[in-house]
Amino acid sequence: MLFRSTKVGASMKFGAVKVSLNLTNSDNSGTTNNSTLVMADMGFGSGLSGNVSFATNKANDTWMRLAVNKKLNKGTSVYAGYTATDYDGATADFSVVGAGMTVKF
């Protein structure tokens, strides 16, 4: 059984926005998949930040995310986001809305 995976990425700041690009290629015993992810992060001040992401793969499936994060103090933050997935094949498309909190001790 052969499994090989390669991931290459880079990021660059454009003023307040940090843009990242990730390219992934995997081969699992002859089944290959390639994917591309473009992501942008931006701080809005006062511990508030946002993220926009877009990805696609070999099957022309696409994925998009919009998220916000608010740091409340040194160890606590709250977040919310929306994700939409568009499958090019027989799988049904779907969207998800979520929210949560992180507490570090």
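This is a short tour of a predicted model, stop by stop.

Start with the whole chain in cartoon view. As background, strands of a sheet pair through backbone hydrogen bonds, either parallel or antiparallel.

**Strands 2 and 3.** Select residues 17-28, which make up strand 2. Strand 2 pairs with strand 3 in the antiparallel sense, over 12 bridges.

**Lys7.** Go back to strand 1 and select Lys7. Is Lys7 buried or exposed? Its relative accessibility is 62%, so Lys7 counts as exposed, the cut-off being over 50%. Show its neighbours next. Leaving aside residues up to four places away in sequence, Lys7 touches Asn22, Leu23 and Thr24. Then draw a distance from Lys7 to Asp61, 54 residues apart along the chain. Their C-alpha atoms are separated by 19 Å.

**Ser46.** Finish in the loop between strand 3 (31-45) and strand 4 (48-57), where Ser46 lies. Check the backbone here. Most residues other than glycine have a negative phi. Ser46 is not a glycine, yet its phi is positive, at about 55°. Switch to a surface view: Ser46 is exposed, because its relative accessible area is 68%, and exposed means over 50%.

Definitions and conventions
Residues numbered from 1 in each chain as written. Predicted model: local features only at pLDDT ≥ 70, side-chain atom pairs only at ≥ 80, totals over all residues. Heavy atoms only, no water. Helix = DSSP H or I, 4+ residues; strand = E, 2+ residues; numbered from the N terminus. Buried < 20%, exposed > 50% of the residue type's maximum accessible area, 1.4 Å probe, protein only. Pairing = 2+ DSSP bridges. Contact = heavy atoms within 4.5 Å.
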